[in-house]
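Hello,

Here is the structure for you to look through. My notes follow below it.

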Amino acid sequence: MSNNTPYEPIHIRTIIEPFRIRSVEPILFNTMEDRAQALAAAGYNPFLLHADDVLIDLLTDSGTGAMSSQQWAAMIASNEAYAGSPSFYRFEQAVQDITGFKHIIPTHQGRAAEHILFSSTVQPGQVVPSNTHFDTTRANIETCQGEARDLVIPEGRQPQTIHPFKGNMDLDALRETIEAVGTDRIPFVMLTITNNSGGGQPVSLANIRAVSELAHSYGLPFFLDACRFAENSWFIKTREAGQADRAPIDIAREVFSYADGCTMSAKKDGMANIGGFLAMNDDDLAQRCRNLLILTEGFPTYGGLAGYDLEAIARGLYEALEPDYLRYRVRSIAYLAEKITAGGVPIVQPSGGHAIYIDARAMLPHIPDAHYPAWSLNNALYVLGGVRGVEVGSVMFGMQPDGSERPAPLDLVRLAFPRRVYTQSHVDYLAEVLLGIYAQRERIPGHRITWQAAALRHFTARLEPTP
Ligand code: F0G
């Protein structure tokens, strides 16, 4: 026996939550009938439900995580000076330590960082290539009359195709785009890690390096939308050759070293309930961004955040990179994916870092696109299980600028997992609910819209079940 105990180690397969729970928020239980009533009162739109009426809320992983005792302790010890707060300097140091960028500009959340960056760089008619732009990124580019162009690899658009890095950029398409559009009409190249709108799929280190080299060979800057950089680092560690022995933080540092800057929502891998930042190396651009920041967010040492928010992020960024946490997070989502896939539920494969995406069109062939399969599935999930996901499909994307209707390319229900909030028994419950719904999927009615706003209709639309 090589160890100095009388025992053989037990090979334990269960991955436990790497935390103890010392502060709890009760879940209020309700019945299927209660939920059917609540949904009707909400106009069959889960965005209009009261969150108290939801048992397991998977609407988003953004700003919904649980903070650690270390984060709360730092928040109490924060400093609220308007200018030059030590909380800012701790935040700046943490972000610089991980990203290596020279200028760190706090913002109240990710989209504020995007707005400031694009307003300072994108001219009308310019094109910003990325693997897939998130909605707020796209909308902020379009507000500057630029074009947000998605160039993800073909596998990234196929729900059932298995590929370890479905978020990768199509490098040939990027080169062709740069040649066709011209470098004077491209302010910079972007990559979203992980690729949220494409199923939460990661981008490989090799692809990030290659995108960086390609952009730089044309003299173009390269920016990351880094919201889920820690999850992306974990996928690189576990899926990319030669990376297995590296710490996620070292992988993250290498990833950022290839970029000239980033936008970040600290509501994801910042482990905070609010916050974000913009970071870059270019002095002149940083100056212009700070000028705009003062106008829209606040003084550059708080940028729309309280001192205590800066403290929470300064610690959260490191906690998001802890291997035990990342192993638990990615594994618990994959565990649910395996259980429901074995039972026949069609999902985007493989499962992503923060969410599972159910392919509602494949699951509910009896509901035509015009009656919104994913929206309908999400409503059934709420009534039958008290679970709230989000439709990423034709209600969200189907309305065209001229008011006409076109089905979205994919009609999905996203189940996004708040960080450190739900346990394995919650996940087992979810699997039972999903398999129970699958068994009676033919009963799920379609929906039609009875009222809608002119833009971003999914947030406020009212619907009714079709007969
Ligand atoms: N980029 C990505 C990839 C995102 O997923 C989000 C937010 C943002 C930018 C914007 O950040 O919300 O702090 O302004 N995604 C959330 C979601 C809303 O549910 O996926 P924000």
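Start with Gly198. Gly198 is buried, at a relative accessible area of 16% (buried means under 20%, exposed over 50%, partly exposed in between, with a 1.4 Å probe and protein chains only). Gly198 sits in the loop between strand S5 (189-192) and helix H7 (205-217). Helices (H or I, at least four residues) and strands (E, at least two) are DSSP runs, numbered from the N terminus. The C-alpha atoms of Gly198 and Thr132 are 6.7 Å apart, yet 66 residues separate the two along the chain.

A word on the source. This is a predicted model: local features need pLDDT of at least 70, side-chain atom pairs count only at pLDDT 80 or more, and totals for chains, interfaces and linings use all residues. Residues are numbered from 1 along each chain as its sequence is written, and side-chain values use heavy atoms, without hydrogens and water.

Next, the cores. A nonpolar core is a set of buried Ala, Val, Leu, Ile, Met, Phe, Trp, Tyr and Cys residues joined through side-chain atoms within 4.5 Å. The largest has 57 residues. Ile208, Phe222, Leu224, Phe229 and Phe256 have the most contacts inside it. Domain 1 (32-61 + 322-465) and domain 2 (69-319) both contribute residues, so this core lies between them. The domain bounds come from an automatic or database assignment. A second, separate core has 32 residues, including Leu55 and Ala360.

Leu224 is worth a click. Not counting residues up to four places away in sequence, Leu224 touches (heavy atoms within 4.5 Å) several residues, among them Met190, Val255 and Phe256.

Best wishes
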